[in-house]
Amino acid sequence: MKSKPRVVGYWVTTGLLAAGFLAAGAAELASDPGALASTVALGYPGYVLTILGAWKVLSVPALLAPRLPRLKEWAYAGIFFDLTGAAASHAFSGDPPGRIATPLVLLLVAAASWVLRPPSRAWKSDSTLPSTPQAVPTPELLAANEQRVNP
C-alpha cells in the first residue's frame, strides 16, 4: 500500500531534480556564458558542456516517464556520477565550500527521489535470481562427483 507522504515526497524530490537537470542541461546546451566560464575555470574544455547538457536533458524524461525501471536506474546512476564529479571538481580546483556543497545537496535530493520511488519505478534485480535456493557444492562433493564420472 502506498502511503501518501511517501508518494508526495517522491514527486516533490523528483520534480525538483528534473527541473534542476532540465534547466542546467538547457543552459549547458545553449553554452550559457556563466556555465561556460564555470566549466573552463574548472579546467574542462568548453565542448564538455554539450555532452553534459545532452545527458542532463535526456535524464529528465527517463525520470518522469512511467515504468522503464532499468532506464531510470541508469538515469539515477548518471546523476550520481555528474553530481559527485561536480563536487570533486570544485573541491580539487580550490573553490569555496559553497560551490562544493551545492552538488552534494542536489545529490541528497536525488538520493531521496531514488529511495522514495514507487515499486513500479524501481528495477527489481531479484528477478534475475533463481526462484529456489541453490546449494553451493563443497570441494568434497565436487571431488566425489569427479571420481564417479572419471573413475
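At roughly what angle do the axes of helix α1 and helix α5 cross, and within what distance do they come? The axes of helix α1 (residues 4-29) and helix α5 (residues 97-116) cross at roughly 140° and come within 8 Å. The model is predicted, so local features need pLDDT of at least 70 and side-chain atom pairs count only at pLDDT 80 or more, while totals for chains, interfaces and linings use all residues. Residues are numbered from 1 along each chain as its sequence is written, and side-chain values use heavy atoms, with hydrogens and water left out.

- Helices (H or I, at least four residues) are DSSP runs numbered from the N terminus.
- Axes are lines fitted to C-alpha atoms, for helices over the stretch in contact, and angles run from 0 to 180 degrees between N-to-C directions.
- Helices α1 and α5 are oblique to each other; angles under 35 degrees count as roughly parallel, over 145 as roughly antiparallel, 65 to 115 as roughly perpendicular and the rest as oblique.
- The crossing of α1 and α5 is left-handed, a term used if the near helix is turned anticlockwise from the far one by less than a right angle, whereas clockwise is right-handed.
- From α1, the residues R6, G9, Y10, T13, T14, L16 and L17 meet L106, V109, A110, A112, S113, V115 and L116 of α5; contact means heavy atoms within 4.5 Å.
- The contact of α1 with α5 has 9 nonpolar, 4 polar and 1 charged residues. Ala, Val, Leu, Ile, Met, Phe, Trp, Tyr, Cys and Pro count as nonpolar, Asp, Glu, Lys and Arg as charged, and the others, Gly among them, as polar.

**Helices α1 and α4**

- The axes of α1 and helix α4 (residues 69-92) cross at roughly 60° and come within 13 Å.
- Helices α1 and α4 are oblique to each other, and their crossing is left-handed.
- In this contact, Y10, T14, L17 and F21 of α1 meet Y76, I79, D82 and L83 of α4.
- By class, the contact of α1 with α4 has 6 nonpolar, 1 polar and 1 charged residues.

**Aromatic pairs**

- There are 2 aromatic pairs in the structure. Rings of Phe, Tyr and Trp (its six-membered ring) pair if their centres lie within 6.5 Å; planes under 30 degrees apart count as stacked, over 60 as edge-to-face and the rest as tilted.
- Y10 and W11 form an edge-to-face pair, because their ring centres are 4.9 Å apart and their planes stand at 75°.
- Y10 is buried at 1% relative accessibility, and W11 is partly exposed at 39%. Buried means under 20% relative accessible area, exposed over 50%, and partly exposed in between (1.4 Å probe, protein chains only).
- F80 and F81 are also edge-to-face, with ring centres 5.7 Å apart and planes at 70°.
- F80 is partly exposed at 42%, whereas F81 is exposed at 58%.

**Individual residues**

- S113 lies in helix α5 and is buried, with 0% relative accessibility.
- Leaving aside neighbours within four places in sequence, S113 is in contact with Y10, T13, T14, L17 and Y76.
- P97, also in helix α5, is exposed, with a relative accessible area of 64%.
- From C-alpha to C-alpha, P97 and A87 are 9.6 Å apart in space, and they are 10 residues apart in sequence.
- T39, in helix α2 (residues 33-41), is buried at 11%. Beyond neighbours within four places in sequence, T39 is in contact with Y44, P45 and L49.

How values were computed
Helices (H or I, at least four residues) and strands (E, at least two) are DSSP runs, numbered from the N terminus.
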